[in-house]
Amino acid sequence: MKQDRINGIRIGEELFDITLDAESGTIASLTLANGSSYEKSESAMDANGLMYLPTLKDWHLHLDKHFLGEPWKPLQPFLDLPDQLRFEKSLLHALPTTAAERARRLLNRLLEMGTTSIRTHVDVDPEIGLRHLEDVLQIREEFRGIFDIEVVAFPQQGLLRSNSLSVMREAMRSGADLIGGVDPAGLDREVDISLEAMFELSAEYDAGVDLHLHDPGHLGLYTIERFIDLTVASGKRGRTAVSHAYCLGQVGEAESLEIAHKLREADVAIITSVPIDSSMPRVDQLLQAGVRVGVGCDNILDAWSPFGNGDLLARGSRLAEKLRWRTNQELLLAYPLITAAPLRPRVGDRADFMLVDAMNPMHALSSAPKREAVFAGGKLVGGSWHQDGAIPLPRAQVGS
Ligand SMILES: [Zn+2]
């Protein structure tokens, strides 16, 4: 059985030596480091006190629509949604690369920054059909074992507005995992009919639902209430989410609290990209009410925003800063929103972790340090060690 060893990883206050089982991709052993007792091994690496952090889960991004690696695209001012959608289509149409190439490019970038799990929304509509979706599904196979990828079939042009019901069905039959949707009021102009259509699709394919909701104020609030009702009525507790939900930060606190309780009862998650240019849900209030909250990078250098680089640890840092989290307890609140794994590993866990130069997890969250090494399924897949190709050997071995 092939095992790789990393010495001197800091977990809490102590240093540990870890062995990784290459076959199962798990942590095979975890022992307090004593500096001399390890067996000499050619594959041993030396973390030299770098700190352990689990790899990250990005709850919301778009693998098919970014311009990373493409020439700079000047954006236009946002006029209205239909105009923006036309603009995005024209930019995407002019790209020389396929969605598969772009997805691969972004996934590799994410690995460098310690993200190994994502939920990606992928555009489908009658015009582009399944082109983007099939590309992303193909790339998901390429990264299987390293990256955990959930695919949402996303009718970006509006489920009803663009007549996308039948292409959504094709998308689900092709292997998408969740039903997506966008602004039942703002785009489809039919809140109830649009939401009901999403939930009918979700029942047909026994799938979860994740709705992009930018519709503001009480319009958005009404939409979330109907979304909650449909979640309960269709037996989808724990399998649905509303992304963005700006409205929860636009209405009064008492109103958003009332919705928070309903969200918790129906186990509907709220996903935010932590916008700093618009209102966002009151994450403190949601967490206190027991609502599941996830963070995602969403737009990364695309037709919607020239900002973003896919660094989810930095996005968690932005969340904490925006919410004025300062104490240790508050800073630690951010981790469950950006990772599905605990801060301390156990033997038998999947070896999905990264090494960073930080004093503790609070410091890592507040400073978003460089990722020195990123392991997924026990393999080195990102960070400086991966880029440099120079895996540091244990000191005791050097010169021996
Ligand atoms: Zn999005």
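## The whole chain

Of the 400 residues in the protein chain, 46% are buried; a residue counts as buried if 20 or more other C-beta atoms lie within 10 Å of its own, exposed if 12 or fewer, and partly exposed in between, with C-beta atoms placed from the backbone. Keep in mind that this is a predicted model: local features need pLDDT of at least 70, side-chain atom pairs count only at pLDDT 80 or more, and totals for chains, interfaces and linings use all residues. Residue numbers start from 1 along each chain as its sequence is written.

Switch to a cartoon view. The protein chain has 13 helices and 16 strands. Its radius of gyration is 22 Å, close to the 21 Å that the globule rule gives for 400 residues, so the chain is as compact as a globular protein of that length. (The radius is taken over C-alpha atoms, and the rule is 2.2 Å times the number of residues to the power 0.38.) Helices here are DSSP runs of H or I with at least four residues, strands are runs of E with at least two, and both are numbered from the N terminus.

Along the principal axes, the C-alpha atoms fill a box of roughly 70 × 50 × 40 Å. Now think about contacts, meaning residue pairs whose C-beta atoms, placed from the backbone, lie within 7 Å. Among contacts between residues at least 6 apart in sequence, 73% join residues at least 24 apart.

## Two domains

Color residues 3-54 and 343-388 together as domain 1, then 56-338 as domain 2. These bounds come from an automatic or database domain assignment. How far apart are the C-alpha centres of domain 1 and domain 2? They lie 31 Å apart. Where the two touch, domain 1 puts in 16 residues and domain 2 puts in 18 residues. On the domain 1 side, α12 (361-367), β15 (371-376) and β16 (379-382) each supply at least two residues. The most comes from α12, with 4 residues.

Next, select 45-339. The UniProt annotation "domain: Amidohydrolase", from an unreviewed entry, covers this stretch. UniProt positions are given in the numbering used here, feature names are shortened, and annotations may be inferred rather than shown by experiment. Over these residues the chain is 41% helix and 18% strand, and the end C-alpha atoms are 25 Å apart.

## A covered strand

Pick β6, residues 56-61: 6 of its 6 residues are buried.

Move on to Asp 80, in the loop between β6 and α1 (81-94). Is Asp 80 buried or exposed? With 8 C-beta neighbours inside 10 Å, Asp 80 counts as exposed. Draw a distance from Asp 80 to Gly 310: the two are 230 residues apart along the chain, and their C-alpha atoms are separated by 26 Å.

## Helix α6

Select residues 217-233 for helix α6. Its 17 residues should span 24 Å at 1.5 Å a residue, and its end C-alpha atoms are 25 Å apart, which agrees. The expected span is 1.5 Å times one less than the number of residues. Buried residues of α6 include Leu 221, Ile 224, Phe 227 and Leu 230. The buried residues of this helix pack against α5 (191-204), β10 (208-213), β11 (240-244), α7 (253-266) and β12 (268-272). After the helix comes Gly 235, with a positive phi near 65°.

In the loop between β11 and α7, find Ala 245. Its phi is near 45°, a positive value in a residue other than glycine. Ala 245 counts as buried, with 30 C-beta neighbours inside 10 Å.

Asp 298 sits in the loop between β13 (293-295) and α9. It is not a glycine, yet its phi is positive, about 55°. With 24 C-beta neighbours inside 10 Å, Asp 298 counts as buried.

Finish in helix α9 (residues 312-322) at Leu 319. This residue has 22 C-beta neighbours inside 10 Å and counts as buried. Which residues does Leu 319 touch, not counting those up to four places away in sequence? Show Val 274, Val 283, Val 295, Ala 334 and Leu 337.
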